[in-house]
Amino acid sequence: MNPVENPYVLVGGAEKVRAIAESFYEAMARDEPALARLHPCDAEGRVELSTRERFALFLAGWLGGPQDYVAQHGHPRLRMRHGRVPVDVGGRDAWLRSMGKALDAHGVQGPVRTLLDTRFADLADFLRNTL
Ligand code: HEM
């Protein structure tokens, strides 16, 4: 893919990626309480700010944007970082539904959406560590 047209640029850059990450956790809190409860939550029941921040940084880098996550936290090693989390088919699908709603909310469509749907589905399935 042309580096000036990588997914990070195509979805709209820094502000958009951050907004997608926030919408993702909003959709999760609203529609997927069992998945939300697996995460560390604050007093109001929202997924903790530090987790949301790390995810937003990761997402920017994974889409082809700034590599702040790696600079601050090292290689993502997502399977290892999800090792304490039971990731089953239901959790995988709930995660993907939440991300789909976030991408819908921010008008991510067309070829970049098709690409992201496939890449998220592959990654979420790779993270599955239980039936
Ligand atoms: C494509 C799929 C997924 C991606 C890209 C992803 C990415 C991430 C990232 C980057 C973090 C923050 C890691 C850090 O602490 O630095 C995280 C945390 C977390 N993820 Fe995922 N995740 C995915 C799927 C899932 C699924 C399917 C589940 C559960 C069924 C899940 C549950 C969690 C939990 C509970 C945390 C918080 C971990 C903690 O703070 O201890 N994730 N995820």
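## Tyr25 and its surroundings

Outside the four places on either side of it in sequence, Tyr25 touches His39, Val47, Thr51, Arg52 and Phe55. The model is a predicted one. Tyr25 lies in helix α2, and its relative accessibility of 6% places it among the buried residues, because buried means under 20%.

Gly12 is 13 residues from Tyr25 in sequence and 19 Å from it in space. Ala36 is eleven residues from Tyr25 in sequence, with 7.9 Å between the two C-alpha atoms.

## Ala36 in helix α3

Ala36 belongs to helix α3, which covers residues 33-38. Ala36 has a relative accessibility of 10% and counts as buried. With neighbours up to four places away in sequence left aside, the contacts of Ala36 are Met28, Ala29, Cys41 and Val47. Val47 is also among the residues touched by Tyr25.

## Helix α2 against helix α4

Two packed helices are described by the angle between their axes and the distance between the axes. For helix α2 (residues 13-31) and helix α4 (residues 49-62), the axes come within 9 Å and cross at roughly 135°. The two helices are therefore oblique to each other. The crossing of α2 and α4 is right-handed.

On the α2 side, the contact is made by Val17, Arg18, Ile20, Ala21, Glu22, Phe24 and Tyr25. The α4 side contributes Thr51, Arg52, Glu53, Phe55, Ala56, Leu57, Leu59 and Ala60. By class, the contact between α2 and α4 holds ten nonpolar residues, one polar residue and four charged residues.

## Arg18 at the α2 and α4 contact

Arg18 is placed in helix α2 and is one of the residues that meet α4. Its relative accessibility of 35% makes Arg18 partly exposed, since that class lies between the 20% and 50% limits. Beyond four places in sequence, Arg18 touches Glu53, Ala56 and Leu57. Leu59 is 41 residues from Arg18 along the chain, and the C-alpha atoms of the two are separated by 8.4 Å.

## Helix α2 against helix α7

Helix α2 also packs with α7, at an angle of about 130° and with the axes 8 Å apart. That angle makes α2 oblique to α7. The crossing of α2 and α7 is right-handed.

The α2 residues in this contact are Ile20, Ser23, Phe24, Ala27, Met28, Arg30 and Asp31. They meet Trp95, Ser98, Met99, Lys101, Ala102 and Leu103 of α7. The residues of the contact of α2 with α7 divide by class into eight nonpolar, two polar and three charged. Ile20 and Phe24 are listed in this contact and also in the contact of α2 with α4.

## Helix α7 against helix α8

The axes of α7 and helix α8 (residues 110-126) come within 10 Å and cross at roughly 160°. Angles over 145 degrees count as roughly antiparallel, so α7 is roughly antiparallel to α8. The crossing in which α7 passes α8 is right-handed.

From α7, the contact takes in Arg92, Trp95, Leu96, Met99, Gly100, Leu103 and Asp104. From α8, it takes in Arg113, Asp117, Phe120, Ala121, Ala124 and Asp125. The contact of α7 with α8 is made up of seven nonpolar, one polar and five charged residues.

## Arg92

Arg92 lies in helix α7. A relative accessible area of 19% puts Arg92 in the buried class, because the limit for that class is under 20%. Leaving out residues up to four places away in sequence, Arg92 touches Ala124, Asp125 and Arg128.

His82 is the only protein donor of the iron atom of the ligand, through NE2 at 2.0 Å. His82 is found in the loop between α6 (78-81) and α7 (89-105).

Arg77 is placed in the loop between α5 (68-73) and α6. Arg77 is not a glycine, yet it has a positive phi of about 35°. With a relative accessible area of 45%, Arg77 is partly exposed.

Note on methods
Residues are numbered from 1 along each chain as its sequence is written. This is a predicted model: local features need pLDDT of at least 70, side-chain atom pairs count only at pLDDT 80 or more; totals for chains, interfaces and linings use all residues. Side-chain values use heavy atoms; hydrogens and water are left out. Axes are lines fitted to C-alpha atoms, for helices over the stretch in contact, and angles run from 0 to 180 degrees between N-to-C directions. Helices (H or I, at least four residues) and strands (E, at least two) are DSSP runs, numbered from the N terminus. Angles under 35 degrees count as roughly parallel, over 145 as roughly antiparallel, 65 to 115 as roughly perpendicular and the rest as oblique. A crossing is left-handed if the near helix is turned anticlockwise from the far one by less than a right angle, and right-handed if clockwise. Contact means heavy atoms within 4.5 Å. Ala, Val, Leu, Ile, Met, Phe, Trp, Tyr, Cys and Pro count as nonpolar, Asp, Glu, Lys and Arg as charged, and the others, Gly among them, as polar. Donors are N, O and S atoms within 2.8 Å of the metal (3.2 Å for Na, K and Ca); water is not among the atoms, so sites may look incomplete. Buried means under 20% relative accessible area, exposed over 50%, partly exposed in between (1.4 Å probe, protein chains only).
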